[in-house]
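User: I've got this model open and I'd like to go through the labels one at a time. Can you tell me what backs each of them up?

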Amino acid sequence: MIVISDTNIISSFAAADALPLLLDALHVDHLLIPSAVYDELQAGIAAKVAYLEPISHWIDSKILRVAPLTAEQLERAETLPQSFGAGERQGIILTDDSRGTLLTNEKRVVNYCARNHLLCLNLSQLLRLLWKEKVATPDQVRTFMRRMTEAEGIVFKDDDQLFA
């Protein structure tokens, strides 16, 4: 399975110190990130966002692999809604071309993927997957959610459904 991630998922799982568990739950040994996502993550690291520090190690160890786009793919990405960030547009193109799965927590992108029949998983679905695949206990997932809230201000509105 080919899995492409947007910046927000990598950032959230870095904040929770749980990216390796996400890989286990997805049954993959790496995630692809578009070059724009790489640039966004590097900007966060340069800005000294402490919880992003492991990302350099994940890139060096090939847990995160940068997937550069061709000139044609970059052109197609520019035709997507400009309300999407560059990483989101590039991620959609890579997902479409590879028939992979896009990881994003941007609701507009999730809706776009649904309308265009692209596989996509959001943060709540990924957290649910952690305990459904027995990679983490519900208590561990709650701890991850708390860390994400503390670091990034994420509000989980559907946490009851997440554990249903």
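User: Which residues does Thr 95 touch, leaving out those up to four places away in sequence?
Analyst: Thr 95 touches Ile 4, Gly 100, Thr 101, Leu 102, Leu 118 and Leu 119. Thr 95 itself sits in helix H6. Keep in mind that this is a predicted model.

User: What makes Thr 95 buried?
Analyst: Its relative accessible area is 1%. Buried means under 20%, so Thr 95 gets the label.

User: Are the two partners buried or exposed?
Analyst: Phe 84 is buried, at 5% relative accessible area, and Tyr 112 is buried, at 15%. The limit is under 20%.

User: Why is H1 called roughly perpendicular to H9?
Analyst: The axes of helix H1 (residues 7-15) and helix H9 (residues 138-152) come within 8 Å and cross at roughly 110°. Anything from 65 to 115 degrees counts as roughly perpendicular, so H1 and H9 qualify. On the H1 side, Ser 11, Ser 12, Phe 13 and Ala 15 make the contact; on the H9 side, Arg 147, Met 148, Ala 151 and Glu 152 do. Sorted by class, that's 4 nonpolar, 2 polar and 2 charged residues.

User: Which residues touch the most other members of the largest nonpolar core?
Analyst: Phe 13, Leu 31, Ile 55 and Leu 127, in a core of 39 residues. At least two residues each come from H1, helix H2 (19-26), strand S2 (31-34), helix H3 (35-46), helix H4 (54-60), helix H8 (123-132) and H9. Leaving aside neighbours within four places in sequence, Phe 13 is in contact with Ala 18, Leu 19, Leu 22, Leu 123, Leu 126, Leu 127, Leu 130 and Met 148. A second, separate core has 15 residues, among them Leu 69, Leu 102, Cys 113 and Leu 118.

User: Thr 7 is in helix H1. What makes Thr 7 count as buried?
Analyst: Its relative accessibility is 14%, and under 20% is buried, so Thr 7 passes. Beyond four places in sequence, Thr 7 is in contact with Val 37, Glu 40 and Leu 41.

User: And why does Ser 61 count as partly exposed?
Analyst: Ser 61, in the loop between H4 and strand S3 (64-67), has 34% relative accessibility. Buried stops under 20% and exposed starts over 50%, so Ser 61 falls in between. Ser 61 and His 30 are 9.5 Å apart, C-alpha to C-alpha, and 31 residues apart in sequence.

User: What is the phi of Asp 17, and what makes Asp 17 exposed?
Analyst: Phi is near 55°, a positive value in a residue other than glycine. Most residues other than glycine have a negative phi. Asp 17 lies in the loop between H1 and H2. Its relative accessible area is 55%, and exposed means over 50%, so Asp 17 is exposed.

User: How do you know that His 27 is exposed?
Analyst: His 27 has a relative accessible area of 61%, against a cut-off of over 50%, so the label is exposed. His 27 is in the loop between H2 and S2, and its phi is positive, about 60°, although it is not a glycine.

Terms used: Residues numbered from 1 in each chain as written. Predicted model: local features only at pLDDT ≥ 70, side-chain atom pairs only at ≥ 80, totals over all residues. Heavy atoms only, no water. Axes fitted to C-alpha atoms, helices over the stretch in contact; angles between N-to-C directions. Helix = DSSP H or I, 4+ residues; strand = E, 2+ residues; numbered from the N terminus. Parallel < 35°, antiparallel > 145°, perpendicular 65-115°, else oblique. Contact = heavy atoms within 4.5 Å. Nonpolar A, V, L, I, M, F, W, Y, C, P; charged D, E, K, R; others polar. Core = buried A, V, L, I, M, F, W, Y, C linked by side-chain atoms within 4.5 Å. Buried < 20%, exposed > 50% of the residue type's maximum accessible area, 1.4 Å probe, protein only.
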